[in-house]
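Visitor: Please put the model on screen. I have some questions about it.

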Amino acid sequence: MVNRIKFQGILLLNICLLIISNFVNAGRTDWSVEKSAAFWNEQARLSIEEILQRRDNTRIAKNVILFLGDGMGVPTVTAGRIRKGQMKNQLGEDYITEMEQFQHLGLSKTYNIDAQTPDSAATATAYLCGVKAQLGTIGVDGRAKRQNCTSSIGANVSSILSWAQQAGKKVGVITTTRITHATPAASYAHTPDRDWESFNTKTFGIKQVEDGCRDISYQLVTHKPPIDLILGGGRRSFYPNSISDVEYPTLNGTRTDNRSLIDEYWPGSFIWNKKQMNKTILGTTKPLMGLFEYNHMLYETDRIKIKENDDPSLSEMTKFAIEHFLTMERNGFFLLIEGGKIDHGHHDTKPRYALDEYVEFDNAIGQAKQLLKEKGVLDDTLLVVTADHSHVFTFGGYSNRGSNILGFASSESLNVSDIDQLPINIIAYGNGPNYRSNRNATYLASLNTNSTEYLSPTAQPNQDETHGGDDVPVFAHGPWSHLFIGTMEQHTIAHKMAYAACWGAYTNRNGCPSLANRTPATTATTTAAAARAATARPSGGINLFHQFNLIEKVLSFLLILIFI
Ligand SMILES: [Zn+2]
C-alpha cells in the first residue's frame, strides 16, 4: 500500500515536471502557466543549477569568430528578441535568442578618445586593433586626426586579423555593408578618414596620395598576405568610373584614377552572386573575394522578397565561410562577421528593417554555433558577439504582454497618452526625421507600423538618427569566454581574443605553446593538442533548454517503467 502511494506520488510529480518543462521549453502563445509560482521557482532552480555546473574553458582558442552587430545596443537586443519570437508566432518577451545562450556576458564602454558618443570607425579600431582612437579614423592610434593624412603617418596599429595571419591562421571578413565600410576596413586598412573608401577625387584624391595615404579599396586588394575570404558588398569603389557594373549596367565604378583594382591587384578569385558562391569548391586555398552588391547589400527583409535577387544572406555567407575554412585548414581561423545594417535601419528610424536585420544576425550566430558543433570544434572556438555602439532607440509604453513590438501600446486606458488620449508607439527614437509627427486619430489609425517604410516618431529633429552613447553588450562562448565579464573598455576585446588564441602580443603568454614547437603547422597542431589535453576540462555549462530535454527524456523513461 505504501509502495503504491509512493508510486502514485512519483507519477504525479513526474507529470507535473513534464508539464512545467514543456511549457518552459516550447514557445508560448499565452502566459496562463506563468500564474503559478511553481513555474518561476522551477525555472530559477534550473538556471542556478546550470551555472553551478559550468567550468571555465581554458583551452587555447584554435578559431576565433567575432560577430559584430553594428549599432546593436541593449534596447535593440531586447526588441530584436521580441521581434524574433513574434516572427515565430510566440509572445516574444521570453523568447531565447542565440546570443543570449552564450555563457558569459559583459558591457563595453564605447566612447572614442575625442567623442562621448562614438562612430563605427574608431570603435572598430578599438575592438579589432586594441587601441581607442579619434572619431572617424581606422587602424591608426589617437595621434591621427580625421581627414588629416599627415597626422596619420607612423600611427598605424595592426588588427587581430593580422595577428591571426602571423600565427598561421586563415582569415576572413564578412559583412552586409560595403566591404570598405568602417567596420570591415579596420581589420585590414589604416586611414585617418573612414570616407576614403575610393580614389574618387571627391573625398580622396591625388593630394592624399602625395601625402602618403592610400584609399581603403586599394589597401584591401594589396593587403599582405592576402585575406583568404572576403564577402560583402561595395563593388563600386574597385572599378573606374568609365566601367559599368557587372550587375547594374547603368551604374559605373567610382574611381577617377582609371584603376580596375580587382583585375590589376587582387591575387585571388572573384565572384559576385550566390550561384557562383555555391559552385565554389570548398577548401580551395586561393583567396576568394565575393562582392555581391554595387553598394551595401540589401536589407534581409528586401532580399527575401526580390525573386530575381541572387545575393546570399548573412547566414548563408557565415555557413559558407566556416565550411570553407574547416575544409581548407586544420590550423584554425579568424572570422569577422558583421551584421552591418542594423545600424542603417536605425539611422533611418525604420525599426522594421533594424529589428529584422537583428534577427538575421542572430540566425547567423545560431548557424555558426550549430555547424561548429557538428564538426566537433565548438569547444575550440571562441565566439564573441558585440556591437560597436548603440543608437538613440528605445521602446516601452506599458504594452500588454505579447504586443506587436512594431505597433502601438495597447489601447487600454493606461496605455493611451494622458496628454492627448491617443495611442503611443512602443518604439521611438531620441532624434531623427519624424519630429513632431502627426497625432491626428484618423491618421494614426491609418498607419501601417509594420511597414519597412514606416518612420518611428522622434523627440528631436535630425535628418539622420544618431548613435547612442550607452554601453553595449558583449556575449562570449568557448575558450576564455570568462574574460568577457563585467564592464570593460571596448579596446580590451581585441586583447582578450588574442589572449585566448595566443596571438599578437599574447603569443608567449603563460600557457601558450612555445614558438619553437609551433612551426611547421603540423607540429603546431600536435603541440596545441597536447596543450589542450593538459588543460582539458568539461567545456562550458549545459544549456538550460538542453537540460529540459534531458529531464524530459529521463522522466519519460521513468513513466514507462512505472506504467509497466
Ligand atoms: Zn552608424
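Guide: Thr 183 touches Leu 68, Asp 70, Ser 120, Ala 124, Thr 175, Thr 177, Glu 338, Gly 340 and Asp 388, leaving out residues up to four places away in sequence. Contact means that the C-beta atoms, placed from the backbone, lie within 7 Å. This is a predicted model: local features need pLDDT of at least 70, side-chain atom pairs count only at pLDDT 80 or more, and totals for chains, interfaces and linings use all residues. Residues are numbered from 1 along each chain as its sequence is written.

Visitor: Is Thr 183 buried or exposed?

Guide: A residue is buried if 20 or more other C-beta atoms lie within 10 Å of its own, exposed if 12 or fewer, and partly exposed in between, with C-beta atoms placed from the backbone. Thr 183 has 27 other C-beta atoms within 10 Å, so Thr 183 is buried.

Visitor: Which strand holds Glu 338?

Guide: Strands are DSSP runs of E, at least two residues, numbered from the N terminus. Glu 338 counts as buried, with 30 C-beta neighbours inside 10 Å. The residue lies within 333-339, which is strand 7.

Terms used: Contact = placed C-beta atoms within 7 Å. Helix = DSSP H or I, 4+ residues; strand = E, 2+ residues; numbered from the N terminus.
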